[in-house]
Amino acid sequence: MLKIHNSLSRSEQTFVPLDPPRVRMYVCGMTVYDYCHLGHARVMIVFDVVQRWLRASGYQVTYARNITDIDDKIIRRAAESGEPVPALTERFIRYMDEDAAALGVQKPDFEPRATRHVAEMLEMIKRLEERGLAYRSESGDVNFAVRKFPGYGKLSGKSLEDLRAGERVEVDESKRDPLDFVLWKRAKEGEPFWQSPWGNGRPGWHIECSAMSTKLLGTHFDIHGGGQDLQFPHHENEIAQSEGASGQRFVNYWMHNGFVQLQDEKMSKSTGNFAAIRELLKRHDPEVVRFFVVRAHYRSPLNYSDHHLEDTRHALARLYTALKGAPLDAVPPDWDEIHGRRFREAMDNDFNTPEAVAVLFDLANEVNRTRSTALARQLRALGGLLGLLGRESEAFLRAGTGLGEGISDARIGALIDERNEARRAKNFRRADEIRDKLFRLGIALEDGPRGTTWRRA
């Protein structure tokens with residue numbers, strides 16, 4: 001049975017859906033004011049693998065991942081670029097979709113945008129006010145009264161005594177308590193606004209996910225996910241808002257993926273310490289980037305460097321080499337076969353993709369040893385559950401990056417033909433010169449029963 005590490009209980013728990021075989025999952029998505037970076041890619045890929053595995057396990061999944069298209073950073077960036085907020089956000093949503101598609105990330109069932117669900121946010125704030133959990137401050141903002149919600153801190157493990165104003169909590173003298181957080185922001189001159197019972201303004205960041213998730217999935221659903229940095233305060237505040245408004249439990253299983261680090265620091269747009277996905281894809285095959293994320297357990301830190309991605313490319317090439325000549329037709333995995341059983345055991349153990357990938361390499365070794373078409377199909381089928389190995393082997397092996405990019409396929413073919421002529425003439429010195437020349441250009445030749453093939457080394 002599937003076990004998930006639940007951030008709420010801080011332990012692995014057997015997954016029991018509320019309404020089997022239905023599973024409802026919400027993941028906090030991107031704030032669209034800049035290009036997505038590798039940290040965002042990790043969120044997208046991790047929960048893409050989660051939903052793929054849930055579906056492969058027979059569950060009927062409803063997957064929602066939101067888009068934050070209004071907040072302070074977006075407003076500032078639009079002002080800097082001299083364009084309307086909707087134009088800015090539409091542009092970066094398009095870039096995000098392009099990046100996700102390149103990385104093999106399947107579209108969620110729902111992608112709610114904050115600006116299209118303001119009415120639901122206002123209704124939730126109204127209920128919180130009626131229950132005595134929200135109040136309008138002297139500044140005109142509407143805030144959540146943290147100390148009036150029992151159990152605040154249960155997700156992050158923080159007590160109210162441990163919390164201090166300034167520790168990822170906004171400081172506002174008009175608040176009754178420095179720990180209180182904003183639900184509705186009073187409009188400032190020149191900013192976008194919506195009408196509300198508390199005057200013109202716009203929603204705070206935390207309320208949007210509470211309102212959109214309950215709108216799409218109900219007041220109580222199965223899985224809520226996101227990056228580790230969202231555990232506090234964002235997800236903590238979501239619990240307080242949602243449970244405060246509904247009076248019932250919000251989410252059963254909370255999942256958080258680990259940070260991506262660049263030069264030993266957390267990757268973050270706000271600090272400028274990030275690697276944009278589209279810049280990475282100029283240097284690395286998108287499937288290599290996906291494999292780099294999948295090879296690590298989703299809860300562990302992930303250290304980025306071009307060197308690590310190059311190592312990942314060589315590892316993925318080993319899997320594709322085992323698939324040379326194998327059919328591309330899609331077949332379901334054979335769960336009775338030993339590698340299939342091991343793969344399922346790994347994925348059912350809190351989505352243990354490193355162990356699942358180890359099974360793929362063991363299976364690739366068997367394919368190389370036996371040249372079994374059935375095992376090759378199994379390798380491709382299991383890899384497909386991770387969003388991998390869906391291409392013709394030669395297409396991947398010839399699509400590498402680096403030195404080999406500077407020489408065309410036609411030129412490579414011509415040099416191979418010249419080398420074959422030299423070998424037939426027993427001019428082995430010339431044949432070796434051509435092989436060495438191609439190798440210096442990043443092209444590796446492989447001689448086999450079917451002739452000479454090549455790949456970008």
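**Helix α4**

Modeller: Helix α4, residues 118–130, has 13 residues and reaches 18 Å from its first C-alpha to its last, close to the 18 Å expected at 1.5 Å a residue. The expected span is 1.5 Å times one less than the number of residues. Helices are DSSP runs (H or I, at least four residues), strands likewise (E, at least two), numbered from the N terminus. This is a predicted model: local features need pLDDT of at least 70, side-chain atom pairs count only at pLDDT 80 or more, and totals for chains, interfaces and linings use all residues. Residues are numbered from 1 along each chain as its sequence is written, and side-chain values use heavy atoms, without hydrogens and water.

Biologist: Which residues of α4 are buried?

Modeller: An α-helix has 3.6 residues a turn, so residues three or four places apart point the same way. Here V118, M121, L122, M124, I125 and L128 are buried (under 20% relative accessible area with a 1.4 Å probe, protein chains only; exposed is over 50%, partly exposed in between). They cover an arc of only 165° around the axis, which puts them on the same side of α4. The arc is that of the directions from the helix axis to the C-beta atoms.

Biologist: What does the face turned away from the buried side carry?

Modeller: That face of α4 carries the exposed residues A119 and E130. The buried residues pack against several elements, including β7 (181–186) and α6 (231–246), where contact means heavy atoms within 4.5 Å.

Biologist: What follows α4?

Modeller: G132 follows α4, and its phi is positive, near 80°.
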